[in-house]
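We will go stop by stop, and at each one you will hear what to pick and what to look for.

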Amino acid sequence: MSLYRDEGVVLRTQKLGEADRIITILAKRTGKIRAVAKGVRRTTSRFGARLEPFTHVDLQLHVGRTLDMVTQAETIRPYGETLAADYPRYTAGSAMLETADRLTQGEKEPALRQFLLLVGGLRTLADREHEARLVLDAYFLRSLAVAGYAPALDACAKCRAPAVRAFAIVAGGVVCGACKPAGSAAPAGETIGLMTALLRGDWATADASQSRHRSECSGLVAAYLQWHLEHGIRSLRHVEREPV
């Protein structure tokens, strides 16, 4: 048999037959993997809860014709157990998993930086280091940057002029008055500063931000993300119901 090992985060699962599941995993070395977990839905399954979404797991897999097969699974950290007890953090984590799935479309294409961002984001959520929506927005911005879609925040996205007047999703970030397209948003300077802090990992600035700037930042980041993905993130509708 052709076997390989990797560690990864379970992104989602779907039923297969009467007792099996197809598990989608973002793995450290292999990238995104879709694999069959035999008998995992039975109460006697040796995998138990090791192959549930949010679980950071060490895996052994057998290469198959269309889908690989999970032959061993050992839990590294079960983030779902902690997040399930905190609805805002659980919904933020769900949006992270969905975004990671969307940004890594090709199977078995290495995506180490996306994997590390996801593990880091889930760990930060579970450890309650920062407000959940700030962690989510930081993850969105950084994962977009890794994918090549970082928003321009320091100078006009079109002409690189320093005079910033608005934020235009279609232009790729902040724009000056001369380049400002119709329908651009006009966020507060503090909101752009918060986006910059989240992208750079400046948590002291982010944690000190005001709620109105966090709310405005979240709206812009969510819109920017979904525009680039060309698809809505379903989990966000639940996140956005939470008070900021």
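The tour goes from strands to helices, and then on to a few side chains and backbone angles. Please keep in mind that this is a predicted model.

**Stop 1: the barrel**

Start by colouring the strands S1, S2, S3, S5 and S4 in that order. They form a closed barrel of five strands with mixed pairing. From one strand to the next, the twist averages 45°.

**Stop 2: strand S1 and its partners**

Now select residues 3–16, which make up strand S1. How many bridges join S1 to S2? There are eight, and the two strands run antiparallel. S2 itself covers residues 20–27. S1 and S2 form a hairpin with three residues between them. Click on Gly17 in that turn: its phi is positive, at about 65°.

S1 also pairs with S4, antiparallel again, through seven bridges. In S2 its bridge partner is Leu26, while in S4 the bridge partner of Val9 is His56. As a reminder, strands of a sheet pair through backbone hydrogen bonds, either parallel or antiparallel.

**Stop 3**

For one example, select Asp58 and its bridge partner in S5, Glu74.

**Stop 4: two helices on the sheet**

Bring in helix H2, which packs on the sheet and touches S1, S2 and S3. The direction of H2 makes about 110° with that of S1. Then show helix H3, which also packs on the sheet, touching S1, S2, S4 and S5. For H3, the angle with the direction of S1 is about 65°.

**Stop 5: the aromatic pairs**

Over the whole structure, a search finds three aromatic pairs; we will visit two of them. A pair of aromatic rings is described by the distance of the centres and the angle of the planes.

Move on to Phe167 and Tyr224. This pair is edge-to-face, with 6.0 Å from centre to centre and 65° between the planes. Phe167 lies in strand S6 (residues 166–168) and Tyr224 in helix H7 (residues 211–229), so the pair ties together parts that are 57 residues apart in sequence. Both Phe167 and Tyr224 are buried.

**Stop 6: positive phi angles**

Go back to Phe54 and look at its backbone this time. Although Phe54 is not a glycine, it has a positive phi of about 85°.

Finish at Arg128, another residue other than glycine with a positive phi, here near 60°. Where is Arg128 found? Look in the loop between helix H3 (112–126) and helix H4 (132–146). Arg128 is exposed, with a relative accessible area of 53%.

Definitions and conventions. Residues numbered from 1 in each chain as written. Predicted model: local features only at pLDDT ≥ 70, side-chain atom pairs only at ≥ 80, totals over all residues. Heavy atoms only, no water. Phe/Tyr/Trp six-rings, centres within 6.5 Å; stacked < 30°, edge-to-face > 60°. Helix = DSSP H or I, 4+ residues; strand = E, 2+ residues; numbered from the N terminus. Buried < 20%, exposed > 50% of the residue type's maximum accessible area, 1.4 Å probe, protein only. Pairing = 2+ DSSP bridges. Axes fitted to C-alpha atoms, helices over the stretch in contact; angles between N-to-C directions. Contact = heavy atoms within 4.5 Å.
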